[in-house]
Structures are given as C-alpha cells and as structure tokens.
Amino acid sequence: MHLDVQDLKKFYYRTGLGRVAQRAVRDQVCALWPDTKGQTVAGYGFAVPLLRPFIGEARRVVALMPGPQGVMHWPAGQDNMSVLCEEALWPLETGQVDKLVVLHGLETTENPTALLDECFRVLGPGGRAVFVVPNRAGLWSSRDATPFGFGRPYSLTQLEVQLKRHSFTPESHRAALFSPPSQRKVWLKWASTFERYGRKMSSYYAGGVLIVEASKQVYAPKKRGVAVDVRAPLRILEGAANPVAGRDLAGSN
C-alpha cells in the first residue's frame, strides 16, 4: 500500500519530526556516497528528501515516483526532475544508473520481486543501490504517525536475503532514527544526540530504519575449453587370433 505523495510531502517538509527523519537518513546516505561527480543518480518511491545533495554534483538526478503514490514537481523552484512511472517499468535504459536510492518503495509494493528486478536492470555493472526500510525491531514501524509505520517492516536478515535472491550483493548496512517517533519538542531537540549515540551503541537493532547498500556484480562467464573431437584408435588388428599349429586345410584331402 503506497502512501499519497501529498502526505509524504507534508511529513518531510512541514513537520519537525519529518525534517529530523530527513536529515538523519540523508546524512547516512551521503556518508556512503561522498562523491557522485559525473554519475547518474536515481531515486524510487519518495526518495527526494535524500536526493537533494546530489543535484549540481551528479551528471544527472531523476526521481521516479510510482503511480499509486502520485508525483509532484521536484525540486521546488527548479526544472522538474521527477517522473511518474509504473512500479516495474521505469523510463530508464538498462544499465544507465550508477547510484539508486529506494525510500518508501520496497516495503509498500505488492510485488517486491518485480520491483527488485527493475532495480537490478537499470543499474550498470558495479552500480550501487541503497534500500531504506522500516526496521522490524524499531519503534518507528509500530507507529502509524509516520510513513515508516506503513507497509512491510524488515529485519536485517530478511532484507539481505531478499536482495541476494535478486542477484544483489549486500555491501554494508547502517541504521538511523534512534530518537522516538514523537512530535514533542523535547524529543526533537535531542534528536541529533540520539542519532550520534545510537550509531555507536547499535548497528541496527534500535534504529527506526535499516539502510542497506548493495551492489550489482556482473561476473564474466567462465571460459569453456574448445571441444576437440579425437578419433578412436583403429582396432582392426586388435583381437586377431594367434596362429595355431595344425594341419594345412588347403593341402588336406
């Protein structure tokens, strides 16, 4: 079940908790990808809160938004970089993307197999994808006051197994949103402190979201030896009976 694009926009850009979530997750993604110069960066779902730092640095940035969710003009005040698309039919050429961010896409789709296949298709060899999903063991997935309370939450093992089944190679994992999912000012004020100490104490158990980076590894096919037909040796003379002493049949009467 996809959330409406207007609800997502309102949460991330018009609430204090949404701005806290945006900053916490975006910092982790930027730490993973400090340099995207000359690359194509794409986002799927509602990834625009995480894509903004790549504008002006990457060669191309595009935000893909699924039909059931809806689309909005992004970024505000600039030429539009967002496009409405089908979940498993993106308007991108095969192998065109260097970096891919999936936020509010995997946990809300009704067909994760088709979605992951499409993610794999658009990535070039060696390309990297970041999947941000609600943590099954975290507080945020149990509260429907935020977008992370909707859809299918994951454990780290569940997510990595699913990625491997679709030929991705998990490279690293992180977590974010260690602060409570509350709009109270006291919690918002201490949110950055929660993030800092939370990352030191736990790599994923206490965080509200899991962040898994995976790569697309395309291995060269194994070279097969050239088959050579070898003729079987002639066996005409094999098995010939040894001469046996006896009478001469030709001379016998």
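Reader: How many disulfides does the structure hold?

Author: The structure holds zero disulfides, a disulfide being a pair of cysteine sulfur atoms within 2.5 Å. Residues are numbered from 1 along each chain as its sequence is written, and side-chain values use heavy atoms, without hydrogens or water. As the model is predicted, local features need pLDDT of at least 70 and side-chain atom pairs count only at pLDDT 80 or more, while totals for chains, interfaces and linings use all residues.

Reader: And Cys-119, buried or exposed?

Author: Cys-119 is buried, at 0% relative accessibility. Buried means under 20% relative accessible area, exposed over 50%, and partly exposed in between (1.4 Å probe, protein chains only). Cys-30 is partly exposed, with a relative accessible area of 25%.

Reader: Moving to helix α1, which of its residues are buried?

Author: In α1 (residues 5–14), these are Val-5, Leu-8, Phe-11 and Tyr-12. Viewed down the helix axis, the buried residues of α1 fall within an arc of 130°, so they line one face. The arc is taken from the directions from the helix axis to the C-beta atoms. Helices are DSSP runs (H or I, at least four residues), as are strands (E, at least two), numbered from the N terminus.

Reader: What do they pack against?

Author: The buried residues of α1 pack against α2 (16–32), α3 (48–51), β2 (60–66) and β4 (97–103), where contact means heavy atoms within 4.5 Å.

Reader: Which exposed residues does the face turned away carry?

Author: That face of α1 carries Lys-10 and Arg-14.
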